[in-house]
Amino acid sequence: MGIVWIVAIAVVAVLAGNPATWHESPEIDAVQAVYQDGVPHTDRQGHRLTTYDPERSFFPIGIYHGVAGQFRGRTYDMNLMGAAGFNTVHTWEGQPLESALAAATASGLQLVYHNPKDDEVLRWRDDPGLLAWYLDEDPSIRDWDPEWERRFEIFQSRKAALHAMDPGRSVLALDGPFIDPPRRDRWLAWNAAGDISAHWNYPIRHSGPSALTGRRGIPESVVTAVRLNNAKKPLWLVIQAFGSDHLGWRMPKPEEFRAMVYAGIVHGATGIFYFSLDSFATRDGQVVGVAPWTEETYGPSPDYDGDGRYPLVVSPETVTQSRALWQAIAGLNREIAELAPALLSPTARLEYSVHVNRDGTPVRTLLKRRGDELVLIAVNVERAPVELEIRFGDAAALPSLRGGSPGRMPADSRLLRDRLEGLDARVYHLQLRRP
């Protein structure tokens with residue numbers, strides 16, 4: 001999100017409390033079978049792929065508003081992002097493409113760049129550090145933009161121009177989670193328009209729902225985007241890594257954050273971005289992000305969003321929460337990077353069923369297969385704990401738990417048992433064996 005996110009996010013805070021009822025929520029099963037015929041994703045230069053290639057396939061793990069160099073009397077080091085397991089960065093718009101790309105490349109990060117100029121595209125289009133061009137943002141929530149069809153035409157025209165100058169590289173817009181009326185029609189149009197479908201979803205609020213699922217839940221928005229594009233386009237999900245008392249959002253706890261990420265992956269995300277890195281830029285928008293250097297205040301800075309407010313100052317407790325979440329994210333990033341070959345491989349066609357000790361479908365699962373190795377992800381998208389049983393069907397091969405996996409699975413059994421706490425995510429590593 002660029003500078004305008006600071007205005008848009010305040011509108012989002014109001015819209016998030018909209019009590020309207022929506023009756024078109026997609027039905028979502030416990031067993032997710034998306035991408036059984038191949039996973040849409042890209043290489044490191046944004047070229048589309050469907051079949052996993054160990055030399056080319058890329059699962060972006062990105063951070064928003066990356067900052068490098070001297071700003072407001074402070075040195076920001078992008079190497080710390082690479083050290084925390086990020087492989088992609090969207091940089092704050094106050095940095096030109098040349099310096100942003102140089103800093104990202106030096107830190108081993110691919111760059112997603114916002115609103116490039118023609119001369120920038122022509123000069124840097126062959127640089128291997130560029131992942132994608134990012135154009136419009138939050139188009140579905142713009143109540144002040146009644147002629148959105150005209151805005152949509154401009155996006156399509158600009159996308160075509162970028163393709164002509166830089167063939168093959170992906171171009172995208174970033175939208176919000178507003179899949180319900182009255183914004184549904186424009187949401188469907190925008191989320192089908194890019195080479196990559198991308199949206200954010202921030203469910204952790206001070207007075208928010210008790211689950212990740214719901215009218216605009218992470219499962220619902222991701223599944224809607226996947227189905228909209230017939231499971232043929234990469235899907236990037238932006239996850240909440242910030243808090244803002246002013247706007248009603250609460251900093252996620254590490255376990256909530258992990259559940260959000262895996263809920264996105266289970267339902268079809270093929271790239272994960274986190275909003276946002278903490279710096280003077282986020283504080284200008286009354287938001288505290290995550291960083292290893294988070295401070296109570298970064299002092300005065302230009303009023304980039306033009307709201308007349310002094311940059312946000314936070315408590316020592318919030319500083320501790322921000323830094324702790326950064327550390328948790330670093331561990332999760334490494335976990336996702338290790339899983340990436342499986343996540344970008346086809347979903348297994350092995351028969352299994354999910355059973356819990358409560359009504360509904362609080363647990364969602366995804367089973368990936370690479371050779372005889374299986375990765376099973378299970379996420380409890382609600383806050384109440386559940387007792388979980390996964391029963392494997394009469395297949396030609398039996399799965400067995402590998403060392404280090406959670407859960408219990410007796411030898412020669414087709415039954416995996418575990419307990420998932422509220423908003424809990426588990427990753428089980430299994431091995432196929434002959435009966």
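I started with Asp-424 and Arg-426, which form a salt bridge with their closest N and O atoms 3.5 Å apart. For my notes, a salt bridge is a side-chain nitrogen of Lys or Arg within 4 Å of a carboxyl oxygen of Asp or Glu. Asp-424 is buried, at 14% relative accessible area, while Arg-426 is partly exposed at 21%. The cut-offs I use: buried is under 20% relative accessible area, exposed is over 50%, partly exposed is in between, with a 1.4 Å probe and protein chains only.

Before going on, I note that this is a predicted model, where local features need pLDDT of at least 70 and side-chain atom pairs count only at pLDDT 80 or more, while totals for chains, interfaces and linings use all residues. Residues are numbered from 1 along each chain as its sequence is written, and side-chain values use heavy atoms, with hydrogens and water left out.

**Entry: more salt bridges**

How many salt bridges does a search of the whole structure find? I get 23. As a reminder to myself, side chains of opposite charge can pair when their charged atoms come close.

I picked out Arg-215 and Asp-180, whose closest N and O atoms are 2.7 Å apart. Arg-215 sits in the loop between strand 11 (196-201) and helix 7 (218-228), and Asp-180 in the loop between strand 10 (170-175) and helix 6 (184-191), so this pair ties together parts that are 35 residues apart in sequence. Helices (H or I, at least four residues) and strands (E, at least two) are DSSP runs, numbered from the N terminus.

Another pair I wrote down is Glu-389 with Arg-391, meeting in a salt bridge at 2.9 Å, N to O. Both partners have their own entry: Glu-389 is partly exposed at 21% relative accessibility, and Arg-391 is partly exposed at 39%.

**Entry: charges overall**

I also looked at where the charges sit on average. The protein has 46 positive and 54 negative charges, and their mean positions are 4 Å apart. Lys and Arg count as positive, Asp and Glu as negative, with His and the chain ends not counted. Each charge is placed at NZ of Lys, CZ of Arg, CG of Asp or CD of Glu.

**Entry: Val-171**

Next I checked a residue in strand 10, Val-171. Val-171 is buried, at 0% relative accessibility. Which residues does Val-171 contact, leaving aside its neighbours within four places in sequence? My list has Trp-133, Leu-135, Lys-159, Leu-162, His-163, Gly-194, Asp-195 and Ile-196. A contact here means heavy atoms within 4.5 Å. For Lys-159, I also noted the C-alpha separation from Val-171: 6.3 Å, with the two residues twelve apart along the chain.

I looked for cis peptide bonds and wrote down two. The bond from Pro-181 to Pro-182 is cis, with omega near 10 degrees, and Pro-182 lies in the loop between strand 10 and helix 6. The bond from Phe-275 to Ser-276 is also cis, with omega near 15 degrees; Ser-276 is in the loop between strand 13 (271-275) and helix 9 (280-284).

Then I looked at positive phi in residues other than glycine. Asn-115 has phi near 50 degrees, sits in the loop between strand 8 (110-114) and helix 4 (118-124), and is partly exposed at 45%. Leu-423 has a positive phi of about 50 degrees too. Its loop runs between strand 19 (415-420) and strand 20 (425-433), and Leu-423 is buried at 3% relative accessible area.

**Entry: the whole chain**

Last, the overall numbers. I count ten helices and 20 strands. The C-alpha trace spans about 65 × 45 × 45 Å along its principal axes. With 435 residues, a compact globule would have a radius of gyration near 22 Å, and the protein's 21 Å agrees. That radius is taken over C-alpha atoms, and the globule rule is 2.2 Å times the number of residues to the power 0.38. Buried residues make up 58% of the 435. Among contacts with a separation of 6 or more, 70% are between residues 24 or more positions apart.
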